[in-house]
Amino acid sequence: MTLSSIAIILETEFSGADIEISGMNALKDATSSEVSFVANSKYIKDIQTTNAAAVIVPASFVEHLPEGCVALVVENSYWSMAILSKYFAPVIENDDLPKAQIGEGTKVSPKAEIANGAKIGKNCTILAHVYIGAEAVIGDNTIIYPSVTVYRDCVIGSDCIIHSNTAIGADGFGFATNKLGEHKKIYQNGNVVIEDDVEIGSNVSVDRAVFGTTLIKKGVRIDNLVQIGHNCEIGEYSVFVAQSGSAGSTKLGRNVVVGGQAAFAGHLEIAPFSTFAARSGITKSITESGLTFAGFPLMDHKLWLKLQVKIARLLK
Amino acid sequence: MTLSSIAIILETEFSGADIEISGMNALKDATSSEVSFVANSKYIKDIQTTNAAAVIVPASFVEHLPEGCVALVVENSYWSMAILSKYFAPVIENDDLPKAQIGEGTKVSPKAEIANGAKIGKNCTILAHVYIGAEAVIGDNTIIYPSVTVYRDCVIGSDCIIHSNTAIGADGFGFATNKLGEHKKIYQNGNVVIEDDVEIGSNVSVDRAVFGTTLIKKGVRIDNLVQIGHNCEIGEYSVFVAQSGSAGSTKLGRNVVVGGQAAFAGHLEIAPFSTFAARSGITKSITESGLTFAGFPLMDHKLWLKLQVKIARLLK
Amino acid sequence: MTLSSIAIILETEFSGADIEISGMNALKDATSSEVSFVANSKYIKDIQTTNAAAVIVPASFVEHLPEGCVALVVENSYWSMAILSKYFAPVIENDDLPKAQIGEGTKVSPKAEIANGAKIGKNCTILAHVYIGAEAVIGDNTIIYPSVTVYRDCVIGSDCIIHSNTAIGADGFGFATNKLGEHKKIYQNGNVVIEDDVEIGSNVSVDRAVFGTTLIKKGVRIDNLVQIGHNCEIGEYSVFVAQSGSAGSTKLGRNVVVGGQAAFAGHLEIAPFSTFAARSGITKSITESGLTFAGFPLMDHKLWLKLQVKIARLLK
């Protein structure tokens, strides 16, 4: 799509060459053929160093753009980004893609659906009612139980097990809201990558990234009914117990243990080898590794135990 | 079904004409061809004004019935209602219904199942392993991802997106319990109506109403793993973050924001533009609009923040 | 599998006859043709009375083994048990098993998948996209809604209703972890048994046992999005409200009521007729029946209400 067509969609103008734009991306990650956006003054420092070809901005941010970066000035840049995201959304299925490739020794149930463009490795077991989307890639020896959905473009490694009714790569929860309180969908054009030797329970939701990738690293274990928000990164061998979850863009180091019904707010960084007791509510980043926490608000686990004794004494 | 056959089922007698009964309904909503029930003295005022043809009641409530309304006197009216509900349950699928109607431009996967009597609008995308039940209605331009189930009689508007493994219209959680502790299912003979421009995440449960409708209004956004109980009403543009939920019959105004893992008790009324922080536990109605809450028990959000500081001081 | 092949797999030696081993089991339940393991000194008393043919043990536990019981000495017995569990895992599907038996009057959607070796009783309704695994058994008059998965070897009684997208018998959350923080799957070779007259909501996860059975007794009612961990036992007519759950091996008596989002830790015993308010966190066994609890940490429900008043006073 050309920059000039984007300007028309966003009902704005721009000065500079009318180049071809290949996609949308975050300020930090955008390449010189991508368009980005900024909606929050918190990200002004990222504007100055962006490589994006163009940035959707409110008028007041224009002065921060680096030389050669085109300003697409709009009133509500988050809303405009949402409008534009639809134009970069790939089609769900595409008949023009080549037939799916299925590796040697792999069994695919005749009642599974493998979309065109998908690639499945060797010795996998794909049971009935599984859906593997367009251009999704599955490694070797992976077992996918009935009624799992792997959305388009998602990648699952080798030696993985995905249990029934789990959704890998559904859209992250993203929308802009205008002054009237109406919402506009932000199309989630990223994907999910699950590395090797990962086991995921039943009824789990791992959302695709808005841009880039939601990443589940090697050896992770996810129990049932867990929520992994868009753009999360889950470190090697981390463990999520049932009904726990994480909001978007939170990054966990390796061997983090998340107790049942515990949950992370978004945009946190969690040090490796952290342990969170059941029902912990984590709203701040953890920088020191190897500690154990509990409670909401979160605190040291031993302190939480002490605090409960103190609280109980209020009854006396 | 005639009133006399109902009396036989409930092992009771009645005096009056043996009219044809078309269904069961709540006291307030029952028409003159429907039967209702009352099991709780809290609803005595509703008896006096009901239009129901007949009401299942314990003997002590008979005097409150309006003139012309037939009393079906039983010992345990809730249990008897449960028994009768089964007789009004529609069959799950019905070969006699006409073939499903599919609008122009709509793609239905050959691996989806569209039951007889269903109607799907124009330009929809219905992916593999989707189930659309008997007499369900889907609007235009709606996308339904794999392994979504839409139970019979449910209605989904135009421009909606429903993500994988979500269940729309499963039975609400209703049963009567006798003195022996045994349960009797209350058949959920209502439906779900989802208005236009609604997006629902993966692994969500929206239960059908016992009578009437569970209603999700225009523009609502529901994240993954959310529970919406029977007979809820979710106001326009309201937002449910992942793993939150509501028990039955709670009604939210427009633009209510429900944080992750927050939950409502049943039978509440929530003012528009209310915001609930993650893990709020809401057990009382909210009458003033535009406020922000947190905690369980629920309180003003700022107060909750202060309270956490005070609680932490107990450790000193 | 012979004891000598097991010794080779575990890279150890043994003294005694090279008998045929039929399976793995817990110390208490193992028969004289089964192998067991012990990894925790807490279970030393169970070693002394085990009937197991052989036990995987660290060197320090050997002296506790009863006469005639073979010691399979390893460094990390939990890890070794995990390694061995894979060898006893049945194949997921088996073409050599006889075609599924379907009882008279049962309707099976052509879009359901019934694996070889399964048996379904009379007058059942099995809707589209359901999966019934190998050697699973379903009673009479049971309704299974779309996209439910019943894993192999699981048993569902008569007069049950299982709602959409529920997973019965997915693997319990079991793995051993070594000093490097790597995980090794413990294959879950038990099953799930659901007795008669049970209703289970949508998006529920009931995990299969590691050994033996996860048991849901007669008349139980389970709402949506509930987690039942491996080896749990849920007493007759117990009720789980939406988004509640239990970790593994917890045993509930009859008529226990579990409020929304409440959860049990593992390995507890809960007295019959106990009631837990919404969001209770139960970490200790309950021995007295008929009481009502709330909170996390758990306490008497009335006490919890009083405590909330006291806590609120901290603000003054």
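Predicted model: local features only at pLDDT ≥ 70, side-chain atom pairs only at ≥ 80, totals over all residues.
Residues are numbered from 1 along each chain as its sequence is written, while chains are lettered from A and ligands numbered from 1 in the order in which they are written.

Q: What makes the relation of chain C to chain B that of a three-fold axis?
A: Copies are superposed by least squares on the C-alpha atoms of residues with pLDDT of at least 70 in both. Here a rotation of 120° with 0.0 Å of shift along its axis places chain C on chain B, with an RMSD of 0.0 Å. That is how a three-fold axis relates copies.

Q: How many residues of chain C are in contact with chain B?
A: Contact requires C-beta atoms, placed from the backbone, within 7 Å. By that rule, 34 residues of chain C touch 31 residues of chain B.

Q: Why do the copies meet through different surfaces?
A: Only 18% of the interface residues of chain C are also interface residues in chain B, so the surfaces used are different.

Q: What are the domains of chain A, and where do their bounds come from?
A: An automatic or database domain assignment sets the bounds. For chain A it gives domain 1 (3-88) and domain 2 (101-304). Their contact takes 13 residues from domain 1 of chain A and 10 residues from domain 2 of chain A.

Methods. Contact = placed C-beta atoms within 7 Å.
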